[in-house]
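Please find below a colleague's note on the structure shown here. The points are numbered so that each may be taken up separately.

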Amino acid sequence: MDRKRILVVRPDELGPGELKTWRELRAESGAPGNPFLDPAFTTAVGQVSPAARVAVLQDDGTPVGFFPYEKGPLGQGRAIGLGVSDSQGAVLRPGVRVDPRTLLAACRLSSWEFDNLEAGQDLFLPYAVERLAAPVVDLDARYGPYLDGLRTRSPGFLKQTLAKERRLARQVGEVRFVYDARDPEALRALMRWKSAQYRRTGRRDRFAQQWITGLVDLLAHGDDPECRGVLSVLYAAGRPVAAHFGLRSATVLSWWFPAYDRDLGRYSPGLVLHLRMLEAAAADGIRMVDLGSGPARYKDSLKTRELPVYEGAVVRGGAGGAAYRLGREPARAARRFVRGHPRVAAAARHTLTRLARLRER
């Protein structure tokens with residue numbers, strides 16, 4: 001046992017060998033290659049968040065696991081990039097066992113919170129308090145079979161979306177789609193649309209948080225094939241009308257920040273963009289698109305299946321753990337209650353929207 005150690009480092013202190021091992025361990029796990037659990041994502045978060053750390057689990061000097069996290073006041077920890085990360089957990093060699101509280105103690109954490117824990121994370125699953133569904137689109141690098149399935153599952157959705165695309169071209173101007181656009185103006189437009197959507201629906205504006213805009217900017221300029229940002233843009237008459245900024249690995253594209261110009265909402269440019277993106281992603285070798293947890297009608301139409309993700313926290317004893325329970329558990333329990341009661345959830349959304357409109361007056 002004394003050969004086993006847990007070292008805590010900043011993400012930028014990981015060497016090339018450790019980054020290579022991290023990716024090898026992910027491949028050995030058999031889990032989907034979600035880019036949020038790639039070391040490049042943790043490294044990017046480390047550039048915008050001084051609280052980012054990685055626990056490196058060693059056996060006789062050899063790395064056998066990596067646990068990325070962020071550390072807050074009183075040692076309260078959270079998943080790396082919590083709030084924007086759609087896949088969370090530790091990266092461990094198959095067969096490696098460690099007590100979660102021992103791991104937290106080595107990291108000097110009183111708690112560790114997660115809201116999109118990846119399925120198969122047996123280390124943390126006993127601490128999950130809610131199981132959520134993350135819809136995904138299976139492409140297997142082929143769009144034709146997916147489109148055939150979509151015609152069967154959601155014929156009205158597909159027919160109406162394609163008709164609106166033709167109407168957009170006739171009434172606004174030529175429609176053009178770019179899957180991997182290097183267009184700073186389109187990215188700024190996306191952020192404006194998304195910020196307005198957050199405010200309109202009474203949600204916290206993520207793009208008002210400097211670390212998130214900084215993270216998006218870093219990933220937008222990255223070129224790592226295992227984890228980089230992809231900006232997809234739908235143009236009409238030469239101007240952006242819908243856009244999506246996502247994160248991709250070699251085989252998985254994570255749906256992240258979609259938005260569209262509300263002035264053209266009657267043409268559903270966001271849905272047109274989604275279909276064009278799926279076709280281009282399949283041609284680019286993407287085998288699965290992760291739409292992320294959270295309800296949305298368009299996700300129900302596009303998905304082929306769902307993957308489970310989990311919300312919860314590991315909490316140690318002491319003052320820090322008590323502070324976490326007092327500060328976070330009541331709010332999380334309230335959210336779980338709302339999500340479990342559709343009528344309450346609908347009323348809550350209506351109230352948030354009304355409050356947002358009042359603030360704008």
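1. Overall make-up. The model is a predicted one. The protein contains eleven helices and 13 strands. Of its 361 residues, 49% count as buried. Where contacts join residues at least 6 apart in sequence, 74% of them link residues at least 24 apart.

2. Helix 6, its span and its ends. Ser195 belongs to helix 6, which covers residues 184–200. The 17 residues of this helix should span 24 Å at 1.5 Å a residue, and the end C-alpha atoms are 24 Å apart, so expectation and model agree. The N-terminal end of helix 6 is capped by Asp183, a side-chain oxygen of which lies 3.1 Å from the backbone nitrogen of Glu185. Just after the helix, Gly202 adopts a positive phi of about 75°.

3. The buried residues of helix 6. These are Ala186, Leu187, Ala189, Leu190, Met191, Trp193, Lys194, Ser195 and Tyr198. An α-helix has 3.6 residues a turn, so residues three or four places apart point the same way. The partners against which the buried residues of helix 6 pack are helix 7 (210–220), strand 9 (228–236), strand 10 (239–248) and strand 11 (252–260).

4. Ser195. With neighbours within four places in sequence left aside, Ser195 is in contact with Asp205 and Phe207.

5. Helix 8. The 15 residues of helix 8 should span 21 Å at 1.5 Å a residue; the end C-alpha atoms are 21 Å apart, so here too the two values agree. Helix 8 is mostly covered, with eleven of its 15 residues buried. The buried residues are Pro269, Gly270, Val272, Leu273, His274, Leu275, Met277, Leu278, Ala280, Ala281 and Ala282. Just after helix 8, Gly285 takes a positive phi of about 95°.

6. The packing of helix 5 on helix 8. How are these two helices oriented to each other? Helix 5 (residues 155–171) and helix 8 (residues 269–283) pack at an angle of about 105°, and their axes are 9 Å apart. Angles of 65 to 115 degrees count as roughly perpendicular, and the two helices are therefore roughly perpendicular to each other. Helix 5 contributes Phe157, Leu158, Thr161, Leu162 and Glu165 to the contact, while helix 8 contributes Leu271, Val272, Leu275 and Arg276. By type, the residues of this contact comprise six nonpolar, one polar and two charged.

7. Arg239. This residue is located in strand 10. Its relative accessible area is 37%, so Arg239 is partly exposed. The side chain of Arg239 makes a polar contact of 3.1 Å with the side chain of Asp261. Not counting residues up to four places away in sequence, Arg239 touches Leu234, Asp261 and Leu264. Arg239 and Arg176 are separated by 63 residues in sequence, and their C-alpha atoms are 9.3 Å apart in space.

8. Phe114. Strand 6 (residues 111–118) holds Phe114. The relative accessibility of Phe114 is 0%, and the residue therefore counts as buried. Phe114 and Ala128 are 14 residues apart in sequence, with a C-alpha to C-alpha distance of 8.5 Å.

9. Most residues other than glycine have a negative phi. Asp60, although not a glycine, has a positive phi of about 55°. Asp60 is placed in the loop between strand 2 (52–59) and strand 3 (62–71). At 53% relative accessibility, Asp60 counts as exposed, because the cut-off is over 50%. Ala237, likewise a residue other than glycine, has a positive phi near 55°. The position of Ala237 is in the loop between strand 9 and strand 10.

Key:
Residues numbered from 1 in each chain as written. Predicted model: local features only at pLDDT ≥ 70, side-chain atom pairs only at ≥ 80, totals over all residues. Heavy atoms only, no water. Helix = DSSP H or I, 4+ residues; strand = E, 2+ residues; numbered from the N terminus. Contact = heavy atoms within 4.5 Å. Axes fitted to C-alpha atoms, helices over the stretch in contact; angles between N-to-C directions. Parallel < 35°, antiparallel > 145°, perpendicular 65-115°, else oblique. Nonpolar A, V, L, I, M, F, W, Y, C, P; charged D, E, K, R; others polar. Expected span 1.5 Å × (residues − 1). Buried < 20%, exposed > 50% of the residue type's maximum accessible area, 1.4 Å probe, protein only. Polar contact = N/O pair within 3.5 Å; in protein donor to acceptor, adjacent residues only side chain to side chain.
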